[in-house]
Amino acid sequence: MPAVSKGDGMRGLAVFISDIRNCKSKEAEIKRINKELANIRSKFKGDKALDGYSKKKYVCKLLFIFLLGHDIDFGHMEAVNLLSSNRYTEKQIGYLFISVLVNSNSELIRLINNGIKNDLASRNPTFMNLALHCIANVGSREMAEAFTADIPKILVAGDTMDSVKQSAALCLLRLNRTSPDLVPMGEWTSRVVHLLNDQHLGVVTAATSLITTLAQKNPEEFKTSVSLAVSRLSRIVTSASTDLQDYTYYFVPAPWLSVKLLRLLQCYPPPEEGAVRGRLTECLETILNKAQEPPKSKKVQHSNAKNAVLFEAISLIIHHDSEPNLLVRACNQLGQFLQHRETNLRYLALESMCTLASSEFSHEAVKTHIETVINALKTERDVSVRQRAVDLLYAMCDRSNAQQIVAEMLNYLETADYSIREEIVLKVAILAEKYAVDYTWYVDTILNLIRIAGDYVSEEVWYRVIQIVINRDDVQGYSAKTVFEALQAPACHENLVKVGGYILGEFGNLIAGDPRSSPLIQFNLLHSKFHLCSVPTRALLLSTYIKFVNLFPEIKATIQDVLRSDSQLRNADVELQQRAVEYLRLSCIASTDILATVLEEMPPFPERESSILTKLKKKKGPGKVPDMEETKKERNSDMNGSTEPVSVNSSAVTMSTPSTSTDLLGLGLAPVLNSVAPASAGGSLLVDVFSDNSPAVASLAHTAEENFSSPRIGSADVVSDDPAAAVHDADELVNKFVCKNNGVLFENQLMQIGLKSEFRQNLGRMYIFYGNKTSTQFLSFSTAVICQDALKTQLNIQTKQVDPAVDGGAQVQQILNIECVSDFMEAPILNIQFRYGGALQNMSVKLPVTLNKFFQPTEMTSQDFFQRWKQLSIPQQEVQKIFKAKHPMDTEVTKAKIIGFGVALLDMVDPNPSNFTGAGVIHTKNIQVGCLLRLEPNTQAQMYRLTLRTSRETVSQRLCELLSEQF
Amino acid sequence: MIGGLFIYNHKGEVLISRVYRDDIGRNAVDAFRVNVIHARQQVRSPVTNIARTSFFHVKRSNIWLAAVTKQNVNAAMVFEFLYKMCDVMTAYFGKISEENIKNNFVLIYELLDEILDFGYPQNSETGALKTFITQQGIKSQTKEEQSQITSQVTGQIGWRREGIKYRRNELFLDVLESVNLLMSPQGQVLSAHVSGRVVMKSYLSGMPECKFGMNDKIVIDKQGKGTADETSKSSGKQSIAIDDCTFHQCVRLSKFDSERSISFIPPDGEYELMRYRTTKDIILPFRVIPLVREVGRTKLEVKVVIKSNFKPSLLAQKIEVRIPTPLNTSGVQVICMKGKAKYKASENAIVWKIKRMAGMKESQISAEIELLPTNDKKKWARPPISMNFEVPFAPSGLKVRYLKVFEPKLNYSDHDVIKWVRYIGRSGIYETRC
């Protein structure tokens, strides 16, 4: 580089700048600049023969004025003239002016390009460098068009100086970034790869950046770079720190180059050649080893450089995810960093560990650091580091440490930073649910969560608690008790009131025995919170009150008083008012039986993916929650999924609001709520129960039933006119109930039999409602359930006798407890005898207890599904049936039917989206039978093909029979 | 209701900060500095809203005065107060400069305490203030003096104290006007108006009652109806139409409304009696005739003639013509017959100065401007030629008809008062397009 001569001091420029700096006000500055501009204009205009020095000086001044924020509209020509100068400083200022000021559409661009071309062609390396820098700094499309052909030539030419090669590589990189389409791939690409072997490390560093970018675009073309990069890396890593002279940075050999090489390697999968692979592993091991050595310098630069290389190596190891040994070592190394006093290091370590936790090889290793991570969560000063710690805890959580991690997270939540609270709440909720072994623990955790961070608990979280409590009877009592205790706190969060209201409304009876939580106390406790709550919560509490009316008739009067009060009946909010009016009427008019039916305990919720998880994913953005979520997910078959938020809310309302009660009350209100009507909702049943004797109402009710029961299967209700021909053992009846649990089983002029059933694993409970449609009493009413032949051993049914007299218009209820011992084919028969007006009536009906009722749905991924499908490949295990569709082929209806059948409907499993796939396990006392099914509709031919694979031949047969009747 | 008042120097450093209400926090000081003073002149509006806080500012040389409020105040009131504040400060310590403000900060705080109370403007009459806010050391006032101040400050005539005595009763009356003009190159008036002030200095004994009369058109017409013979004399151009006017608080507005007569008990010393504005029949003291010729891309020829348009006996002073030059000027040659002309590169203009010029004369300047060819396609915007001058008459045509003084208690009559009347017409924004 030419030495800077004394004359280059440019005193005029210095004076000008100091003048500007001394200006007292903006106005003074503008005046000074105007004066200077006029001066420069007169200079440029005046004597044409301005020498290079003054030209440079004035161009510099213009540049300075421009950088102060003023417009410059002249002097470009002078700057371009400077390009042709032979002095380095003048050329440099010319290029500087051009790269700062010349916009791409200037007329001068041709002149400039010419200047650049001349410099590129010159053999003077400094000039070539200046030209290349200018191209890279401007980086416009025009520049790219003009020079993309030349630069690769310079880059790969044998006689180019190292420094020029370096600049050329970086310049090409820049052009490739700004206008990738213009950079041609050619024969030079292969020669670029060989720059990795260049003597000069600067060239290698620049070339690596270029190759990495190019390789991301065309991995195939640059495949050869892998082995070169590995050998280069190993040479660097194994070299003594003094070997590389200029490129040793605080005793670390070429850290930037190492990092770039490691990045380049991350564009490719692990090398296949054994030798290369071995060498790479060796390199990585060496890097890991070096991290253990005592530092050669106390300077922060040394450790920074060293750690940069190390972290890049670790991300390469994670990227490859193939060497368990390396992964574990990386994990241990990161573990050491977790306690490092550098905050940045701790952050990086936690972040890398998060990705390590998802690798199956290192998951266990990561878990060993749990104490440290928890400690970090507690003591860390920097919130972003704490956030990483939370992420890592979430990632490393599994069944073994869930209790500990959840407890720690809850602990931390009390002091957590506001910005991350909601996320932690979601994470706690998910972990608590996913790894819950003991559901009392789950309930405790979530209630705690609401207590600690109620504001951050979203709707989804408390919906989920309720779903789980409702779906699991073993925790119902406990949760009622816990909730009751939690509600006793003087100030509790509204979310807690919601949960409390819902759970006590459903299961308050379970703790009513204790005098400390007697019905009245429960009610008063809830009502004390009523006035502090928002409208939706109040609405929920009103539903709770009406449920209390059913559960505890003794406090009915108190509740009616509350409902009757003006603040309810004349509430400004329409929803509250309507509820109060309807509930009050309901409680006044309906008999206890009707109340018991209307205000029946909520049916279990169908299983879905946890909406909390969806929410977390949404919050984190795509790809942020690692995929391990899926891979690690343990199938917890007794865990139920969630419904949509609406359904919880509105199904609570469904209990009373829709047309059923409307008809009953004769208010003529249209169905207010667009009820979701889950297949199990009490709607259809209620209608029949209330239908009394009046045929008009009954028919109305039937239409209502059609509206409400979505999977309506039976072609028509069997209404027998002749009591004598009353043996309804046709399979039709049974088929009607294959996919639903509630409905009208049988009806004739005399009586109606309603049915409501629930099944859990191998147990079931069936409520049979016998309604007397006449006005006279049925006498000596008796029922019997008959299990024929083999069914006796396969099915265990226990029942209590009902009252021998059924009053006119009244209804009696009978409960059947059913236990499935092993798989069965036939359905039990219900035999009913009674005396009506002297004549003995006898009728028998097939009870819709079918094998599919004992299904438990199983969620699985496509991969799992087909793996198991293949395992069940013995011919006897598969049953296939091709049949014609009896009903219109509606996808939604079909889906509902499959879900109603009891299996889990698996979305996105079958490659053909129009096909349906399902999976479930049939629970019997003796065995459990896994079942996979696949339904392929053919809309053109109006045909279905149903394929079932289970581990038992008979099961397959029976299920196929049952299901094929449904479509 | 002003929440607070801040005074900054040109760098944005706070010199004075007085907060009257709790809703204005300390951060308001910084908000104004960052968003207005340091905004590199991108904020040109005198009212700025930052985070629901309104800042009203005026600038005096390098000093910024900013009033801050969170309420919906009358902006005109706030600005009136700020101007008054400037007047008061000028009356106390002369020019408003950083130096002066720093030297008088105790006084300024004292003044601010007096003239604003909980953000409500109070008596800001300099004469009255000077009686109890002094720059001398504290001298214990006698009971009488104290009660006198109290009665004056709280009394009906807050602007004048009783018992003033002068040996010579004198009165000075200045009519100060500024003419604003925008004229087309062809000599067509695009807009013109005069804004004027009547400034008085009175040194009168006792509590005199004054009456001021001028050739206001409405008054003259009214009188014309009364006395028919005078109508012919005073009609026509002798009367002027005043578009709007404002008065000092001492003027009895009720009397003005009913009789349109201006009567008042004057404050002692200097004050501004009234402000007015006229737009009709303005006498334009100067006419500018520009001639600009572009010779090719690199040369511009400019010729400007000014003509004085008033009585030859009068002399205009401090005449300055400013001819803008293009931004790519590289050299200027000027020839003028009278005065001095110079190209000022720092202001991008040719400045032509003439010391004195009598009426009904004309003068000329010609200039050759060399231009540097630029690659900028933008054409030169040709800003207007502006002018400054001072003439010894009122361009609006306003005449003082009388100023009568009555003092019933003391025995001096209107004839004993020595009265001085002076007219000064100055240029406001006096521009001619070229």
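**View 1. Helices H21(A) and H23(A) pack at about 15°, with their axes 11 Å apart.** In this predicted model, H21 covers residues 383-396 of chain A and H23 covers residues 418-434. (Helices are DSSP runs of H or I with at least four residues, numbered from the N terminus; axes are lines fitted to C-alpha atoms over the stretch in contact, with angles from 0 to 180 degrees between N-to-C directions.) That angle makes H21(A) roughly parallel to H23(A), a label for angles under 35 degrees.

**View 2. Here are the side chains where H21(A) meets H23(A).** H21(A) brings Val383(A), Gln387(A), Val390(A), Asp391(A) and Tyr394(A), while the H23(A) residues include Ile420(A), Ile424(A) and Lys427(A). Contact means heavy atoms within 4.5 Å. By class, that's seven nonpolar, one polar and three charged residues; Asp, Glu, Lys and Arg count as charged, Ala, Val, Leu, Ile, Met, Phe, Trp, Tyr, Cys and Pro as nonpolar, and the others as polar.

**View 3. The largest cavity has a volume of about 90 Å³.** A cavity is a set of points on a 1 Å grid over the protein atoms alone where a 1.4 Å probe fits but cannot get out, and lining residues have an atom within 4 Å of a point. H15(A) (274-292) gives the most to the lining, with four residues, and Pro270(A), His320(A) and Glu323(A) are among the other residues there.

*Notes.* Residues are numbered from 1 along each chain as written, with chains lettered from A and ligands numbered from 1 in written order. Local features need pLDDT of at least 70 and side-chain atom pairs 80 or more, totals for chains, interfaces and linings use all residues, and side-chain values use heavy atoms, without hydrogens or water.

Conventions:
1 Å grid on protein atoms, 1.4 Å probe; cavity = no way out; pocket = protein on both sides within 12 Å on 5 of 7 lines; lining within 4 Å. Points joined across faces, edges and corners; volume = space filled by probe spheres on them. Helix = DSSP H or I, 4+ residues; strand = E, 2+ residues; numbered from the N terminus. Parallel < 35°, antiparallel > 145°, perpendicular 65-115°, else oblique.
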